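The sequence and structure are shown first.

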Amino acid sequence: MAKVKTAHFCQNCGHESAKWLGRCPSCNEWNTFVEEVISKGKNEISVFSKNTKRTAVPRAIHEIQDIPQQRVQMVDMELNRVLGGGMVPGSLILFGGEPGIGKSTLMLQVAMQETRQKILYVSGEESEQQIKMRAGRIGQLNENCYLLTETQLESVFKHAEELQPSMLVIDSIQTIHTEVIESSPGSISQIRESTAQLLRFAKQTDTPVFLIGHITKEGSLAGPKVLEHMVDTVLQFEGDRNHVYRLLRSIKNRFGSTNELGIYEMLGTGLRQVENPSEILISNNQDKLSGSAIAATLEGLRPMLIEVQALVSTAAYGTPQRSATGFDLRRLNMLLAVMEKRCGFKLGAKDVFLNIAGGIKVNDPAIDLAVVASILSSNEDLAIEKNICLSAEVGLSGEIRPVNRIDQRISEAEKLGFDKIIISKDNKGIKQENFKIEIIGCTRIEEVLRELFR
Ligand code: TYD
Ligand code: MG
């Protein structure tokens, strides 16, 4: 009998070691090593037909034919967009997100929409009845969608070979296990080997495979980084579970840019595509309220107008509180320091609370100026006109810095009916005559204030 081989794996980053270690040398986490059986001594079994295997030969790069990348256009336009213009046959797509965010809902919805494709939906988490009930709630049942409640990979492949689906969904990779490896489902070596086999399946049969993967509390894809390099595309589903909006981002994409962003709204009847994000991110409240400013931001390549809300009040107890939702707290502290030091606003003894409407998270520096404006508006208790929006970065000396793709931002603001947009004067090449909206270029925060609170 062949020898049983074991190794120790870090459950956080997948680092492999022959012996147990207290601290992982790769990610520096303590006490994460677990012994896993990596082979029962059996040779690896390939469960799908070997004769489909292509043999590769080295070839000069100029001799390689240009075959335009075939893409399958899906019904879900947001998904098409994030994948870089449709699904590529034979691609392995990892779809991550926190538990309960709506990954299964989105994949099931896609499975119900794609009536032209034969879909195999493998679930190791829910029963057939549960899935059917949910599918019924989401919309029309797709007769071409097959459900398989199975966690054993070899058996999944057996069914896939019989059924010949044009798309395979695995919900989730953490529940799948392969016979080749002894350790329990969800362990690093199981996830890694199962993904490797699914990758081979995708490439050899030209079937796109979606892998749903749960994200750990720390925010990394569980079975963490080990999967990211194996798959073609990593999509991440984000959002605040208490809010209805969900963002679909691509973190890695071998077939397109990672700049794209998809937006959904979670309804009782599934996820609705949000084509015009700005409309939902700005409150329709017509009353003039202090502490609110609108920023023209860009998420990836998608312009969005977002409402920033601030509340500044005198700190009741010694240390003032600073809190930010959807915005980096360190950046907020930096902006507060700039306002204090460069513009002379006494905010040191004030509590400052900042909130980005809609529960979404913004990384675009162009939101800085709106953050500053909302804080000052709340501090002075003066409302900013509803028809003004802002788009610029704020530097350490209080200067207003230019941001990229300003014309796209201006067009979006114009489209949504704003009358004025405040940008940096250093944003060159913007011609007022090309736009109906009034463009105001500023270089210092004081100038912006004069524009806002005249
Ligand atoms: P689910 O897709 O099961 O999450 P995941 O697979 O990422 O763990 O989504 C679960 C949540 O979505 C659940 O809390 C209820 C909500 N939901 C709706 O609001 N509307 C719907 O139509 C569906 C199907 C789910
Ligand atoms: Mg799920």
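The model under discussion is predicted. Helix α3 spans residues 128-138, and its buried residues are Ile-131, Ala-135 and Ile-138. These residues lie on the same side of α3 because they cover an arc of only 60° around the axis.

## Domain arrangement

According to the domain assignment, the protein comprises domain 1 (5-39), domain 2 (71-275) and domain 3 (280-452). Taken over C-alpha atoms, the centres of domain 2 and domain 3 are separated by 37 Å.

## The interface of domain 2 and domain 3

Contact between these two domains involves 14 residues of domain 2 and 10 residues of domain 3. About 1100 Å² of area is buried between domain 2 and domain 3, and carbon and sulfur atoms give 57% of it. Of the area that domain 2 buries against domain 3, 40% is supplied by Tyr-245, Asn-259 and Leu-261, more than by any other three residues.

Polar interactions also cross this boundary. Five residue pairs are in polar contact across the interface of domain 2 and domain 3, with both residues at pLDDT 80 or more. On the side of domain 2 that touches domain 3, α1 (77-82), β10 (245-253) and β11 (261-267) each supply at least two residues. The count of salt bridges between domain 2 and domain 3 is two. Elsewhere in the list of charged pairs, Arg-249 forms a salt bridge with Glu-299, with 2.8 Å between the closest N and O atoms.

## The loop residue Thr-175

Thr-175 is located in the loop between β7 (167-171) and α5 (188-205). With a relative accessible area of 18%, Thr-175 falls under the 20% cut-off and therefore counts as buried. The side chain of Thr-175 reaches the backbone oxygen of Ser-172 at 2.8 Å. When neighbours within four places in sequence are left aside, Thr-175 is in contact with Gly-124, Glu-125, Thr-151 and Pro-185.

## Salt bridges

Side chains of opposite charge can pair when their charged atoms come close. A search of the whole structure finds 18 salt bridges. One of the pairs is Arg-134 with Glu-126, whose closest N and O atoms are 2.7 Å apart. Within this pair, Arg-134 is partly exposed at 23% relative accessibility, whereas Glu-126 is buried, with a relative accessible area of 17%.

A further salt bridge links Arg-331 and Glu-393, the closest N and O atoms being 3.8 Å apart. Arg-331 belongs to helix α8 (residues 329-343) and Glu-393 to strand β18 (residues 393-394), so this pair ties together parts that are 62 residues apart in sequence. Arg-331 is partly exposed, at a relative accessible area of 24%. Arg-401 and Glu-399 also meet through their side chains in a salt bridge, at 3.3 Å from N to O. Both partners are partly exposed: Arg-401 has a relative accessibility of 37%, and Glu-399 has a relative accessible area of 23%. Finally, Glu-78, Arg-81 and Arg-302 are joined into one network by salt bridges that share partners.

How values were computed. Residues numbered from 1 in each chain as written. Chains lettered and ligands numbered in written order. Predicted model: local features only at pLDDT ≥ 70, side-chain atom pairs only at ≥ 80, totals over all residues. Heavy atoms only, no water. Buried < 20%, exposed > 50% of the residue type's maximum accessible area, 1.4 Å probe, protein only. Helix = DSSP H or I, 4+ residues; strand = E, 2+ residues; numbered from the N terminus. Arc of directions from axis to C-beta. Domains from an automatic or database assignment. Contact = heavy atoms within 4.5 Å. Buried area = accessible area lost by both parts, 1.4 Å probe. Salt bridge = Lys/Arg side-chain N within 4 Å of Asp/Glu carboxyl O. Polar contact = N/O pair within 3.5 Å; in protein donor to acceptor, adjacent residues only side chain to side chain.
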